[in-house]
Amino acid sequence: MWTKVIVLIVVYLSMILKVRTKETCSLDNGDDFQESHVGLIISPMMSESMIRELEVYWNHPKYRSDSDRIALYRDDPANGSEPILILEPKSSSGIKGTGIQAEYLPTTNLTYRRQCLEYYVAWLRNGTPRKVNCLETRPNWMAERKEILGPLKMNKIFLPGTHDSASYAIHKRADREDIIEKYVITQDVDVLAQLIYGVRYLDIRVGYYPRTNEIWWANHGIVQLMPLRIIIEQVKEFLDNTEEIVIFDVQEFPVGFHKNLSIHQQFVKYLEKQFMGYYLPYKTGWFTTLNSIWSSKRRLIIGYDEKQIVSFYESLWPCVTHQWGNVRTIDDLYRYLNRIETSSQWDYKTTPRSAMAELTPNTWDVILNRLGGLRRMADRVNANVTSWYATKWQRTANIVAVDFVRGSGIVETSIEWNDRRNSNC
């Protein structure tokens, strides 16, 4: 009898503790900075005089116009460094350029440990730093959260991704883009750097060129960019040096495939050979938890956008569902993203989905350069996308893919909200 009583008491106390924990999380503890954020991003814009301009972005629902300032530093303010720039926020959220050009940092200078890259930013209240952040890499953020993320499936995690991940161009100095590059290049760092900065979803487009020495190429549409082998080597290097899980999602086959299944079969054999020992076979599929993936020691998921082929190869997973707005204005992008993030139709889906959070130019936009190129389009969109997913759709987001990922705060936003929405808070 006493055993039953003790069990009932333990259960009752456990229920009370859970209720109190939730109440504590939901109550305002008096800290104005609990729900605030301040961070640094790198503008995608490039001219003959400026490249990699540092920008500050912030969100602070309880900011005080009379006493709040944002300061930029070259070292951690905790070390006593003096600010090199002080900004006065005019609203509760925003983004502002600093006029300071970040130095070119080659991928070989990045490590597989979390790094602050020279610049820090702090929210000051009455001159005192209350919230501090830095321009940083996040090479191990998933493995650092095994306890939180391990029991979850991929469609329940907020993952940062890049659109047309292999369509990158690295500029060491300020320069001018030609009209082709303006509408082809979507990233300003290579795939390895994207992964080190925190991206975990790669959107890969492949072309088949049988008359070249390297027959498999990374493409953007019909534009041939670089041998796919280079991208594969970067992905393997990242996996060799971390415990992270990566989705390598082959979407579209813009050149050479022509629905020819024999070419697809040839390509799959190439992928299996290149990624031997890395790819996770499709067994339980997207129902698989991250703990199961980590236990398998195979941390690469190859998604494939050809249903007739996927069913024949256990190396291939059904591709991530791309959610395209195909819109040309920020207002239309907001309406589209709001619709997909508030829809209940994805509650029962098992395949992950990627919100493609960028504008889409039409043919005449490109010919007449009406939207100013992909850099300018990303510059207009990325701050808004970061704010929307940090304040409106943070609990529903799955994968969010952006252009010029360093010009957004989507990596930080996803990490923060994976922590929040998978805990009692």
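Trainee: Where is Thr162 placed?

Mentor: Thr162 sits in strand β8 (residues 159–162); strands here are DSSP runs of E, at least two residues, numbered from the N terminus. This is a predicted model, in which local features need pLDDT of at least 70, side-chain atom pairs count only at pLDDT 80 or more, and totals for chains, interfaces and linings use all residues. Residues are numbered from 1 along each chain as its sequence is written, and side-chain values use heavy atoms, leaving out hydrogens and water.

Trainee: Why does Thr162 count as buried?

Mentor: Its relative accessibility is 0%. Buried means under 20% relative accessible area, with a 1.4 Å probe and protein chains only (exposed is over 50%, partly exposed in between), so Thr162 counts as buried.

Trainee: What makes the pairing of the Thr162 and Gln194 side chains a polar contact?

Mentor: The distance is 2.8 Å. A polar contact is a pair of N or O atoms within 3.5 Å; within protein, one must be able to donate a hydrogen and the other to accept it, and residues adjacent in sequence count only if both atoms are side-chain atoms. The Thr162–Gln194 pair therefore qualifies.

Trainee: Which residues is Thr162 in contact with, beyond four places in sequence?

Mentor: Among them are Gln187, Tyr201, Asp203 and Val405, contact meaning heavy atoms within 4.5 Å.

Trainee: Which residues of the largest nonpolar core touch the most other members?

Mentor: Leu228, Phe248, Phe267 and Tyr304, out of 96 residues. Such a core is a set of buried Ala, Val, Leu, Ile, Met, Phe, Trp, Tyr and Cys residues joined through side-chain atoms within 4.5 Å. Helix α11 (residues 374–391) gives the most, seven residues.

Notes
Helices (H or I, at least four residues) and strands (E, at least two) are DSSP runs, numbered from the N terminus.
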